[in-house]
Amino acid sequence: MLQQTRKTDSSEAIKSQLQSDMNHFFSRFKDHSLGQKTLARRSELNLKTIQRLSRCENLPGHITLMKVYRVLLGEENPQKLLALLPQVIRESVIQDKGNILSSGLDYSLEIKREVLHDPVFCEIYFLIDAGSVTKDLIQFKFGEHGLHVLDKMHSLNAIRYIDNEQIELGSVRLELDAGIIKNVGLNLSKKYSKPENCEIKGENFLAFYVESLPEDAYQEWLRLDHEVFLKKVEIAKKYKDIKKGKKVFTYVSTDTFKKGNHEVHYN
């Protein structure tokens, strides 16, 4: 059983609680580094991420927390996992994710592979997620190939058919981890971002900015990104209209010019 740790500052409390729970997991291994490698592999996180978290160097978001605690607590169902989380971790996940964890859902690696490797599967999945999609619409946009993709999605329980040929997401879902967010964001942006529409106010929004910033200022950027994104989600939930509303997307990326594991090299 994981023990609660107490800290007055919420960020430090999260890092301290996570470190304590990870150390408890690592104690099962003869070699501490083996425990870290095992946790990284089973949680599908980078080993460096696990190492930084174990040193309390980083503050994890809800996706990372859920991935780590899925391994630490041995529970795959997100709703059950949420109930098992230490209080400070659970509060962080709920606040960060807007309490949108759904019960009765499973998350599929097969759907994840399809989204990552098949751009049509990816686009159809998120069109359906936006609401009010029919087989006729999919055939119009993607032809016969789109119908074949629908058949595959149905076989994976990724979609289900409801009244009037309407399609909605099924009981098996895609988990939006950071890799998926980047892949989907780039794919949809490449296809649907329309620079020419920026000349007309109210059509879309594109922006880009670079600078050299001290750490405090960079953290302020990240805080603002997080707050604004959650506000967008709040607006979307409040005014969602699947019958008459526009299908829209938003993608946010703020980062450093620092080498990553998947950096593209130009030779």
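The paragraphs below go through salt bridges, surface patches and cysteines in turn.

The model is a predicted one. Across the whole structure, a search finds 10 salt bridges. One of them joins Lys15 to Glu12, with the closest N and O atoms 3.2 Å apart. Both residues belong to helix α1 (residues 10-26), where a spacing of 3 residues amounts to about one turn of the helix. Lys15 counts as buried at 12% relative accessibility, whereas Glu12 is partly exposed at 39%.

Another salt bridge pairs Glu44 with Lys112, at 3.7 Å from N to O. Glu44 sits in the loop between α2 (32-43) and α3, and Lys112 in helix α7 (residues 109-117), so this pair ties together parts that are 68 residues apart in sequence. Lys112 is buried, with a relative accessible area of 18%; Glu44 is partly exposed, at 42%.

Glu168 and Arg160 also meet in a salt bridge, at 2.3 Å from N to O. Here Glu168 is partly exposed at 24%, and Arg160 is partly exposed at 47%. Glu220, Arg223 and Glu227 form a network of salt bridges.

Arg52 is part of helix α3 (residues 47-54) and is partly exposed, at 31% relative accessibility. A nonpolar surface patch of about 440 Å² consists of Phe208, Val210 and Phe257. Phe208 is in the loop between α10 (178-192) and α11 (215-239), and is exposed at 73% relative accessible area.

How many disulfides are there? The count is 0. Of the cysteines, Cys122 is buried at 1% relative accessible area, while Cys198 is partly exposed at 38%.

Methods:
Residues are numbered from 1 along each chain as its sequence is written. This is a predicted model: local features need pLDDT of at least 70, side-chain atom pairs count only at pLDDT 80 or more; totals for chains, interfaces and linings use all residues. Side-chain values use heavy atoms; hydrogens and water are left out. Helices (H or I, at least four residues) and strands (E, at least two) are DSSP runs, numbered from the N terminus. Buried means under 20% relative accessible area, exposed over 50%, partly exposed in between (1.4 Å probe, protein chains only). A disulfide is a pair of cysteine sulfur atoms within 2.5 Å. Patches are made of residues with over 30% relative accessible area and no salt bridge: like charges are joined within 9 Å, nonpolar side chains (Val, Leu, Ile, Met, Phe, Trp, Tyr) within 5 Å. Accessible areas come from the Shrake-Rupley method with a 1.4 Å probe; for residues, only the protein chains shown count as cover. A salt bridge is a side-chain nitrogen of Lys or Arg within 4 Å of a carboxyl oxygen of Asp or Glu.
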